[in-house]
Amino acid sequence: MATITLNVNGKKRVVEADPQTPLLWILRDHLDLVGTKYGCGIAQCGACTVHVDGVATRSCSLPVSQIGDKEVTTIEGLSQNGDHPVQKAWLEHDVAQCGYCQAGQIMTAAALLKRNPNPTDADIEDAMHGNICRCATYLRIRAAVRTAANSTI
Amino acid sequence: MCHLPENPGSGTHRRQFNHLTLFLMTRAKTTINRRSFLKATAMAGGGLMLSFNWLAACKAPSGDEMLDMPDEWFDLNSYIKIGNNGVVTLMSPNPEFGSNVKTSMPMILADELDVDWKKVIVEQADFYPERFDRQFTGGSMGILLGWKPLRTAGATARQMLVNAAAQKWNVPASEITTEAGVLYHKTSGKSAGYGEMASLAAELPVPEEVAMKQLSDFKIIGTSRKNVDGKKIVTGQPLFTLDYKTEGMLIAMPILPPFGMTVKSVDDSAARAMPGVKDVFTIKVLPDGYEQNAFDTISFPEMVVVVGNTTWEVMNAKKAVKVEWQLLDERAFDVQSWGGKQKVVMPKGLESTSAHRAWMAEAARGKAQVLRRDGNPEAAFKSAAKVLERTYTAPHLAHNTMEPVNCFAHVTEDKAELYAPIQAPEFIRRTLAARLGMPQENIHIRLARMGGGFGQRAYGHHLVEAAVISQKVKAPVKLVYTREDDMTYGIYRPTYTATYRAALDKDGNLIAFHVRGGGIPEHAVHANRFPAGAVDNYLAEGWSLPSNITIGAFRAPRSNFIAGAEQSFLDELAELAGKDPIDFRLELLERAKKNPVGKDNDYDPDRYASVLKLVREKSNWDQPPSGVGRGVAAYFCHNTYVAEVVDMRMEGTNPVIENVVAAVDCGIVVNPDAARNMGEGGIIDGIGNALFGELTFKDGVPEKNNFHQYRMIRQKETPRNVEIHFVQNEHDPTGLGEPLFPPIFAAVANALYRATGKRYYEQPFAKHIAVSPAMM
């Protein structure tokens, strides 16, 4: 057990936990930020994607001890009112079916657009390829990322 | 093992049922929906809602804006509450697993109630059989079976509001009209919002009979409305059981044996000393001698469970438990299913996929049950000018819902509270009552949004497990499966094989057709489906082999294999007959319409033909783009007709799907954009499973346990474009969750043939793709 201080969604958070605990379970079990989802635990599905210093990161495979003072952003902190261009595009295209993977998809897409505001179709597919959607809403995900990109440039 | 029948009545009466409901729907007896009119005071468990305030606080306005909450709500029936300010709460009865019933079913209520969709709040109903009909999601039946009760409930509440206004204004009810939540009496110029009349309406007697809207008067049905939970999904609000948390809740995780084995001994000494661990024990899931129903699974009679404070601590402790397994003896169970009691035998031993293949090859040459026989197939095959025989196989598949199996339960002395991802709560409540030793009324099941279902969550073993664990540790418990547990628990799509034979005369006419299908532990043959009825000499046979690897419903059970096999075979047969594959099917359907063979044919040839004609038109079938291999397939299952065309080109041995065009006849389309979303999902999921889906076993152990081994379709394999076209008609609506899935397996196989010059008989296809030199 260790006392760990984190910067999550712009707030300082202090938790008592095993330093090897993946960030995912710190968020979900210790901080009640359950928007970040558990899907595979081995960085293969993308459901747990958060931003660490703005970079899309699989939180299920990142020990909390490695984060230090880096800024962690979860789906809950992506925007104030759920109005990030990617979230708006997701609603416009009514992307979700079951909805479980979508927070991870949105976080991956938001990080893509931050580093590459005008992605090609191939860029979008490359960036989103690591996120599984079992309902297979991939076409709408693609279209929503395109819409979000167009709205931010 | 048992599956849900695909339609509520017998298949042969389906068409009459559709016409009958069309005829009846202008006026409906409210008695068909009587249970929904029980007054709220009769709610035995009404107080239970309070214990779940944590989630109940999340209201779901259907529009973008938040609505002002009324001071008072009035219940008009189980589905409809109207606030004194005119805001309406509609209860969505069925569990939501992503097919969008939580939006589309309330749309049906709202249209007949005649309210403004923007003033509607949708809430998920708890499992409450005393107040709601058939709270089941599966078999693509939500909209089909909800259509009549929901329209009746909406129209009845509207009539009660009209009657209240008539009484207050002292005018005849027949002179009152409604529009978007407002009552009008034209001659006196009076008007009032529903909110003003709700308290009186709630006191009035329920009318015996109510008028329903004409189809042309629908304002909400047939228009695209966005997912009522959309905003919560994109902002990461807690919607799923895995997100649920309550004071003092412990986490429990299972340790599962290989198939065919059970617990011999457990060494939990190391695990017990680990941080956060509360207990390690072995539980029996079902009581001894329990007569199962169709949704009880017995993959493992006992499981080892670790209970602790946090997920990560329990995950770690699980790895430190040493369990020794021992072989189970042969087991036999009685299962109560549709069509009566069935005996299920699970043999002793550790099974492997290589052995399954060998057993199936041998069984395919052995005895089979005759499921249907028309004419004299043997004589016809003897007289044939050409005979085609082909064998198709498909592996076990895992559901792999993104939210792994989990369930919350809090069991106390005399009651059980569950918050569960479950498609079929009514079946499992009986099992829970038997296992916990308490009456069903004391078991309260709240229905969570599910992170996928695909059939897996029709089975409620996780509810029983969570409840038994909670009962034992005397605390609220959330049972969580890891991805590895989820993938290896086993409610798999069975492995199947089918051999098709067909005879053509010298003019290329189909004179005999023979399907002989088998599988472990069931076959997939639907004896009365097309092309039965279109061929004079027809034989359908089925056989099966027992297994201790458990199986269950998987998106379009049985159809998900047999459509791929049958429609690939018809493609090859059309080629042998020298006919266009769509023309070939249309000729057969014309025969089935004009002069059907047999009486039990389970399809409407006109509706079947209509989707083929529509897909021919929309895909520009006669002029395919250059450089693509194009494949077509059509299928009818779960009461909906579908035809699909796939355009594919090869990049080396890598198939790239440029376009998919689908034509669908599901009757009235309630929520068109959501319907297209569902259809796209079915198609892309089907492409993924056709190309990559496979679970194999070695000595009772699944050889894949996570997504690094189990290949799922992803962004780059997704088609460039998918178009869905609906046949316009006035048939009552049928479902969409399943029907677009089965035929795509064949459309992909047929496109692969045209793109590579090689036929594909064994799923998953990606393992076998080779491009013929002539095509390079």
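Colleague: What makes the link between the side chains of Arg607(B) and Asp665(B) a polar contact?

Modeller: In this predicted model, the side chains of Arg607(B) and Asp665(B) are joined at 2.7 Å. A polar contact requires a pair of N or O atoms within 3.5 Å, and the value of 2.7 Å for this pair therefore meets the cut-off.

Colleague: Why is Arg607(B) called buried?

Modeller: The relative accessible area of Arg607(B) is 9%. Buried means under 20%, so Arg607(B) qualifies.

Colleague: Where in chain B is Arg607(B) placed?

Modeller: Arg607(B) belongs to helix H16, which covers residues 605-618 of chain B.

Colleague: Turning to chain A, which elements does it contain, and in what order do they run from the N terminus?

Modeller: Chain A has 5 helices and 5 strands. Their order from the N terminus is β-β-α-β-β-β-α-α-α-α.

Colleague: Why is chain A called as compact as a globular protein of its length?

Modeller: The radius of gyration of chain A is 15 Å, and the globule rule gives 15 Å for 153 residues; the two values are close, so chain A is as compact as a globular protein of that length. Along its principal axes, the C-alpha trace spans about 45 × 30 × 25 Å.

Colleague: How far apart are the mean positions of the positive and negative charges of chain A?

Modeller: For the 14 positive and 15 negative charges of chain A, the mean positions lie 2 Å apart.

Note on methods: Residues numbered from 1 in each chain as written. Chains lettered and ligands numbered in written order. Predicted model: local features only at pLDDT ≥ 70, side-chain atom pairs only at ≥ 80, totals over all residues. Heavy atoms only, no water. Helix = DSSP H or I, 4+ residues; strand = E, 2+ residues; numbered from the N terminus. Rg over C-alpha atoms; globule rule 2.2 N^0.38 Å. Lys, Arg positive; Asp, Glu negative; His and termini not counted. Charge placed at Lys NZ, Arg CZ, Asp CG, Glu CD. Buried < 20%, exposed > 50% of the residue type's maximum accessible area, 1.4 Å probe, protein only. Polar contact = N/O pair within 3.5 Å; in protein donor to acceptor, adjacent residues only side chain to side chain.
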